[in-house]
Amino acid sequence: MSNDLKIVVTTFPDREIAERVAGLMVDAGLAVCAEVGADLVSFYRWDGRIKRDKEVAATFKVLNERFDLFKGELNLQHPYEVPQIISWSAEHVNAAYLAWARGKKT
């Protein structure tokens, strides 16, 4: 099965915020799973300057039909003025995993 699930990645300024937002998104049913990952260092241009900041990566699994609601809530909950929200459709999703994501048993 494909194209029923999106993978979304973002970053947060610290683990506490990342875990709070991850829990909220899963609890609200907007994401079926959230993983707060490794600490990282990001380099980017902001206001004409090269910035270097410590961040925490987070990955979400989101059903396609919940994606617009997910994006809207993530924008509301995210502390950044311009949050990174990058997504792609899962090319292949294990049938049992997709059934679980949809709240069904195989």
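Analyst: A residue is called buried under 20% relative accessible area, exposed over 50%, and partly exposed in between. Please note that the model is a predicted one.

User: Why is Trp100 called partly exposed?

Analyst: Trp100 has a relative accessible area of 46%.

User: What makes Tyr97 buried, partly exposed or exposed?

Analyst: The relative accessible area of Tyr97 is 30%. Buried would require a value under 20% and exposed a value over 50%, so Tyr97 is partly exposed.

User: Why is the pair of Tyr97 and Trp100 given the name it has?

Analyst: A pair of aromatic rings is described by the distance of the centres and the angle of the planes. Rings pair if their centres lie within 6.5 Å, and planes under 30 degrees apart count as stacked, over 60 as edge-to-face and the rest as tilted. For Tyr97 and Trp100 the centres are 5.2 Å apart and the planes stand at 50°, so this pair is tilted. By this rule there are 2 aromatic pairs. Tyr97 and Trp100 are 3 residues apart in helix H3 (residues 95-101), which means a separation of about one helical turn.

User: How do you know that Lys6 lies over the face of Phe67?

Analyst: The rule asks for NZ of Lys within 6 Å of the ring centre and within 35 degrees of the ring normal. Lys6 is placed over the face of Phe67, at 5.2 Å from the ring centre.

User: Why is strand E1 described as largely enclosed?

Analyst: Of the 8 residues of E1, 8 are buried, so the rest of the structure largely encloses this strand. Leu5, Ile7, Val9 and Thr11 point one way, Lys6, Val8, Thr10 and Phe12 point the other way, and all are buried.

User: With which residues does Val8 stand opposite in E3 and E4?

Analyst: Val8 stands opposite Phe60 in E3 and opposite Ser87 in E4. Two strands pair if at least two bridges are found between them.

User: What makes E2 and E4 the edges of the sheet?

Analyst: The open sheet has 4 strands in the order E2-E3-E1-E4, with antiparallel pairing. Strand E2 (33-46) and strand E4 (86-89) each have a single partner strand, so one side of each lacks a neighbour in the sheet.

Key
Residues are numbered from 1 along each chain as its sequence is written. This is a predicted model: local features need pLDDT of at least 70, side-chain atom pairs count only at pLDDT 80 or more; totals for chains, interfaces and linings use all residues. Side-chain values use heavy atoms; hydrogens and water are left out. Helices (H or I, at least four residues) and strands (E, at least two) are DSSP runs, numbered from the N terminus. Rings of Phe, Tyr and Trp (its six-membered ring) pair if their centres lie within 6.5 Å; planes under 30 degrees apart count as stacked, over 60 as edge-to-face and the rest as tilted. Buried means under 20% relative accessible area, exposed over 50%, partly exposed in between (1.4 Å probe, protein chains only).
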